[in-house]
Amino acid sequence: MGAFCPGAEVNWIMRNPSIYWAPYRIKADRAVSNFLVTAAQANTSTGMQMDFTFNVENPLSQDNNFDVGLQPGDMTKYMALPWQSDFNECTTNPTDVTYADWNNIYPDSEHDTRMKRDGKVVDIMWWPAHRPLQYTQVVSVSQGNKVNYQWLNWSSGVQQTNAGDLKMVTEWEYLPFIIRNPYVTPAQARTAPSDLSGPARYVSIEPYKGG
């Protein structure tokens, strides 16, 4: 999870002081940027259109050289593309909770069989509000108001694998919407349970798949 801290738009690299030449100013590799101002600043001050495409024929490096500076794309190259695959990977994460202040322990390297034996790993949800595991789903409605509910996987058939990432990308539009249950009265909604013992306050519905 640390790789995605502080955010999902730009991750751990922004915490590295080596990428800055001044506070909030990214140090750029001059091999691909021979200017010290933005295009707007340069054109305003000189009145001339500057050429910012002088290096388009040269391939960018796939490595990092923080002493020299960053190249275009270095700030975001560690993020998932497209973002739906990252969304799928963030379903659950196995987290070592043997010791509260440790995220990971390596008993094999320490020759500590007791730690290995007593180790506790649990699956935690990363984005429970944005990416639920299961939800009450409306599967059928008959006679106008007779509703059949089922507790189903929100992203049915999408696993936390490379194939699941691809399916999340290609079938994103078919994921259910979670809405306020339209089949309960306002009074029922205020006291609705979160399980199947009665009509749920919120339900997931299949999106429209018509043409």
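I take helices (H or I, at least four residues) and strands (E, at least two) as DSSP runs, numbered from the N terminus.

**Entry 1: ground rules**

The model is predicted, so I read local features only at pLDDT of at least 70 and side-chain atom pairs only at pLDDT 80 or more, while totals for chains, interfaces and linings use all residues. Residues are numbered from 1 along each chain as its sequence is written, and side-chain values use heavy atoms, with hydrogens and water left out.

**Entry 2: overall layout**

I looked up the elements and found six helices and eight strands in the protein. Their order from the N terminus is β-β-α-α-β-α-α-β-β-β-α-β-α-β.

Next I looked up burial. I call a residue buried under 20% relative accessible area, exposed over 50%, and partly exposed in between (1.4 Å probe, protein chains only). Of the 211 residues in the protein, 25% are buried.

For contacts I use heavy atoms within 4.5 Å. Among the contacts in the protein with a separation of 6 or more, 54% join residues 24 or more positions apart.

Accessible areas come from the Shrake-Rupley method with a 1.4 Å probe; for residues, only the protein chains shown count as cover. The accessible surface of the protein is about 15000 Å², and carbon and sulfur atoms hold 55% of it.

**Entry 3: a surface patch**

I went to strand β4 (residues 121-125), where Val122 lies. Val122 is partly exposed, at a relative accessible area of 36%. Patches are made of residues with over 30% relative accessible area and no salt bridge; like charges are joined within 9 Å, and nonpolar side chains (Val, Leu, Ile, Met, Phe, Trp, Tyr) within 5 Å. Val122 forms such a nonpolar patch with Val97 and Ile124, and together they have about 190 Å² of accessible area.

**Entry 4: the cores**

A nonpolar core is a set of buried Ala, Val, Leu, Ile, Met, Phe, Trp, Tyr and Cys residues joined through side-chain atoms within 4.5 Å. The largest one has seven residues: Val138, Val147, Tyr149, Val184, Ala189, Ala200 and Val203. Another core, of five residues, lies apart from it and includes Phe87, Val158, Met168 and Leu175.

**Entry 5: helix α5**

I then checked which residues of α5 (residues 162-170) are buried, and noted Gly164, Asp165 and Met168. Seen down the axis, the buried residues of α5 fall within an arc of 105°, so they line one face of the helix. The arc is that of the directions from the helix axis to the C-beta atoms. As background, an α-helix has 3.6 residues a turn, so residues three or four places apart point the same way. On the other side of α5 I found Asn162, Ala163 and Leu166 exposed. The buried residues of α5 pack against α2 (83-89).

**Entry 6: Ser204, Pro176 and Gln137**

Ser204 sits in strand β8 (residues 202-205) and is buried, with a relative accessible area of 1%. Setting aside residues up to four places away in sequence, I found Ser204 touching Tyr135, Thr136, Gln137, Val138, Pro176, Phe177 and Ile178.

I followed Pro176 to the loop between α5 and β7 (177-180). Pro176 counts as buried, at 8% relative accessibility. Beyond its neighbours within four places in sequence, Pro176 is in contact with Gln137, Trp154, Ser204, Ile205, Glu206 and Pro207. The C-alpha atoms of Pro176 and Pro207 are separated by 5.7 Å, with the two residues 31 residues apart along the chain.

Gln137 lies in strand β5 (residues 134-142) and counts as buried at 7% relative accessibility. Not counting residues up to four places away in sequence, Gln137 touches Asn148, Tyr149, Gln150, Leu152, Pro176, Ser204 and Glu206.

**Entry 7: the salt bridge**

I count a salt bridge when a side-chain nitrogen of Lys or Arg is within 4 Å of a carboxyl oxygen of Asp or Glu. The rule gives one salt bridge. The side chains of Asp74 and Lys77 form a salt bridge (3.1 Å, N to O). Asp74 counts as buried at 5% relative accessibility, while Lys77 is partly exposed with a relative accessible area of 32%.

**Entry 8: two loop residues**

Tyr24 is in the loop between β1 (20-22) and β2 (25-26). Its phi is near 65°, a positive value in a residue other than glycine. Tyr24 is exposed, with a relative accessible area of 76%.

Ala80 is in the loop between α1 (39-46) and α2, and counts as partly exposed at 23% relative accessibility. Not counting residues up to four places away in sequence, Ala80 touches Ser85 and Asp86.
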